[in-house]
Amino acid sequence: MAITSANQLELLQTAEAVAREKMIDPGLVVEAMEESLARAAKSRYGAEMDIRVAIDRKTGRATFTRVRTVVEEEELENYQAELTVKQAKQYMADPQIGDTYVEEVPPVELGRIAAQSAKQVILQKVREAERDRQYDEFKDRAGTIINGLVKREEYGNVIVDVGRGEGILRRNEKIGREAYRPGDRIRCYIKDVRRETRGPQIFLSRTDPQFMAELFKMEVPEIYDGIIEIKAVARDPGSRAKIGVISYDSGIDPVGACVGMRGSRVQAVVNELQGEKIDIIPWNEDMPTFLVNALQPAEVSKVVLDEEAERIEVVVPDEQLSLAIGRRGQNVRLASQLTGLDIDIMTEEDESKRRQAEFEVRTKLFMDTLDLDEFFAQLLVSEGFTNLEEVAYVEQDELLVIDGVDSSTAEELQTRAREHLEAQARAALERATELGADESLLNFEGLTPQMCVALAEDNVKSLEDFATCADWELAGGWTTVNGQRVKDDGLLEPYGIDLEEAQNMVMTARVLLGWVDPDDLVSDSAEVEDDAVEAEE
């Protein structure tokens with residue numbers, strides 16, 4: 001194939017045709033042609049030459065040029081593409097380092113191999129341009145629903161024609177045992193769009209919780225208009241789902257709007273999700289209240305929330321336990337996903353047994369340490385006293401409300417409690433000293449002798465050791481391992497030290513050791529307060 005006047009115009013016509021077919025810029029196709037012709041010319045004139053080709057966008061005429069760059073004499077490496085200042089003076093009036101000398105060379109004839117190579121270059125460039133166009137088109141559509149046609153199935157994965165591209169619905173993103181044949185219409189959620197080596201990959205899903213949320217948005221105009229908001233979604237794909245909704249218009253019931261007249265709206269979503277049963281729950285900012293709603297249809301007797309541990313304890317009537325847990329734990333699992341809390345469910349009988357066990361433990365504590373009879377110890381526990389510190393340091397008036405306790409009895413109780421606590425402190429101090437606890441640690445404000453024993457047993461024996469501890473090492477915390485929340489016990493957690501207290505104690509130790517400038521702490525806290533004020537404003 002020779003570049004002659006007969007086929008010059010054909011180059012532009014081919015570029016236009018390819019660009020129209022692939023829906024890309026014709027200029028990109030022409031650039032690909034220029035690169036392919038330049039590569040073919042290099043194989044003819046020499047690979048070391050810098051041959052460039054320019055195709056006129058109007059006439060289609062291809063101009064072949066050889067480019068040589070002016071370099072320092074000692075830097076001359078490729079004499080085919082470079083020349084020294086001295087050599088350049090033959091062609092240029094005043095050559096400078098970095099100047100280029102361009103001369104036109106005769107067009108080349110493309111042999112069979114060169115033509116095939118040029119074709120490959122053009123195809124590769126066109127494919128790259130097509131991928132870029134497809135990525136740019138779909139990258140902003142992630143998080144939306146798309147309709148497509150099934151093209152084929154590969155190893156359980158469904159390849160879907162989504163218009164100007166192909167998406168993949170992986171086996172684990174299909175609902176249950178869904179099966180599709182080529183040509184079937186399918187509705188999917190665009191989960192992700194990524195640019196990969198093979199081109200943009202459009203990952204589709206029918207199991208993602210947001211797929212259901214988007215379906216409701218399509219069926220319920222109030223959600224689309226922002227009057228009703230979907231706050232949380234949890235799904236067991238193909239089986240059951242829970243969705244939390246809130247209305248910003250007091251005149252519109254969010255649950256009723258999502259259900260629709262005679263259930264028409266929710267039924268449309270159920271049909272698309274292969275009969276998945278959907279519980280629509282009113283959202284509430286008060287997490288215990290929302291959880292009670294989320295556990296429907298089970299009835300809840302009592303809820304205890306531990307915000308720090310992100311756990312919630314639910315007490316249900318004995319006959320409601322199986323309903324609250326659901327088949328294979330489905331109901332409580334979905335409620336947990338919806339609220340983002342770990343849920344412990346127990347019956348009223350179990351909770352009563354636990355309370356009774358705690359009552360007996362505290363009664364025995366007061367009997368043993370304060371030398372009281374069982375009846376009197378039980379009176380203390382019934383009034384809400386849980387430990388010796390509360391008895392020893394509470395205001396006397398709180399003891400006087402107990403039947404049979406006068407001021408002298410109250411004083412005697414507090415004296416016994418304090419003496420026992422002091423004896424415990426002396427024993428702990430001796431034990432900490434035996435373990436090698438340093439004076440700097442024993443005298444640190446905020447640490448009791450019992451705390452020093454716990455630290456020394458974990459090889460934290462000096463103020464320097466204490467200052468290197470992390471707050472969670474002292475107060476405990478929660479980590480996620482393989483999707484499960486796991487408790488990390490803190491060294492001082494049994495003594496009621498929380499994360500904030502642990503952090504303050506560690507920073508105080510670092511200031512005392514001179515590791516941290518107290519002025520820096522003041523400025524940091526001031527910045528935090530300023531940020532908080534700005535946020536409120």
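User: What makes Asp-498 a cap for the N-terminal end of α21?

Analyst: In this predicted model, a side-chain oxygen of Asp-498 sits 3.3 Å from the backbone nitrogen of Glu-500. A polar contact is a pair of N or O atoms within 3.5 Å, one able to donate a hydrogen and the other to accept it, with residues adjacent in sequence counting only if both atoms are side-chain atoms, so the 3.3 Å pair passes.

User: Why is α21 called a helix, and how does its span compare with the expected one?

Analyst: Helices are DSSP runs of H or I with at least four residues (strands: E, at least two), numbered from the N terminus; α21 covers residues 499–512, which is 14 residues. Expected span is 1.5 Å times one less than the number of residues. α21 reaches 20 Å from first C-alpha to last, close to the 20 Å expected.

User: Which residues of α21 are buried, and why do they line one face?

Analyst: Buried means under 20% relative accessible area (exposed is over 50%, partly exposed in between; 1.4 Å probe, protein chains only). Ala-502, Met-505, Val-506 and Ala-509 are the buried ones.

User: What covers them?

Analyst: The cover includes α19 (463–467) and α20 (471–475), with contact meaning heavy atoms within 4.5 Å.

User: Which ground rules apply?

Analyst: Residues are numbered from 1 along each chain as its sequence is written, and side-chain values use heavy atoms, leaving out hydrogens and water. Local features need pLDDT of at least 70, side-chain atom pairs count only at pLDDT 80 or more, and totals for chains, interfaces and linings use all residues.
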